[in-house]
Amino acid sequence: EELLSERFAGSYESAADWMEEHVGDAYAIPETVRPYVDWERWARDVEVAGDMTFVRTESGDVVAFRNHW
């Protein structure tokens, strides 16, 4: 349980929403460029690379977990 809470990265409407918020916090991507970023694909790539796990709940939200910290 402690491990899960340490790796918990939030609950979002989608993995793409997590990606946009995460990248937005880490990098200064101009608002004019954001509409052209494929957040869904980027989130999928992060999950496939093993860095994150996204779990869709019964309510439809996506819970994000870091696989490394």
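Student: Let's start with Glu20: what is its relative accessible area?
Tutor: Glu20 counts as partly exposed, a class that lies between buried (under 20% relative accessible area) and exposed (over 50%), using a 1.4 Å probe and protein chains only. Keep in mind that this is a predicted model, where local features need pLDDT of at least 70, side-chain atom pairs count only at pLDDT 80 or more, and totals for chains, interfaces and linings use all residues. Residues are numbered from 1 along each chain as its sequence is written, and side-chain values use heavy atoms, leaving out hydrogens and water. For Glu20, the relative accessible area comes to 28%.

Student: Which residues does Glu20 touch, leaving aside those up to four places away in sequence?
Tutor: Glu20 sits in helix 2. A contact here means heavy atoms within 4.5 Å. On that basis, Glu20 touches Arg34 and Trp39.

Student: How far apart in space are Glu20 and Trp39, C-alpha to C-alpha?
Tutor: In sequence, 19 residues separate Glu20 and Trp39. In space, their C-alpha atoms are separated by 6.2 Å.

Student: Is Trp39 buried or exposed?
Tutor: Trp39 has a relative accessible area of 8%. Trp42, by contrast, is partly exposed at 33%. With its 8%, Trp39 is buried.

Student: How are the rings of Trp39 and Trp42 arranged?
Tutor: Trp39 and Trp42 both belong to helix 3 (residues 39–48), three residues apart, about one turn of the helix. Rings of Phe, Tyr and Trp (its six-membered ring) pair if their centres lie within 6.5 Å; planes under 30 degrees apart count as stacked, over 60 as edge-to-face and the rest as tilted. A search of the whole structure turns up three aromatic pairs. In the Trp39 and Trp42 pair the centres are 5.7 Å apart and the planes make 10°, so the arrangement is stacked.

Student: How do helix 2 and helix 3 lie against each other?
Tutor: Their axes come within 8 Å and cross at roughly 90°. Axes are lines fitted to C-alpha atoms, for helices over the stretch in contact, with angles from 0 to 180 degrees between N-to-C directions; under 35 degrees counts as roughly parallel, over 145 as roughly antiparallel, 65 to 115 as roughly perpendicular and the rest as oblique. That makes this pair of helices roughly perpendicular.

Student: Which residues of helix 3 make that contact?
Tutor: On the helix 2 side, you'll find Ala15, Ala16, Met19, Glu20 and Val23. By class, the contact has eight nonpolar, no polar and two charged residues. Helix 3 brings Trp39, Glu40, Trp42, Ala43 and Val46.

Note on methods
Helices (H or I, at least four residues) and strands (E, at least two) are DSSP runs, numbered from the N terminus. Ala, Val, Leu, Ile, Met, Phe, Trp, Tyr, Cys and Pro count as nonpolar, Asp, Glu, Lys and Arg as charged, and the others, Gly among them, as polar.
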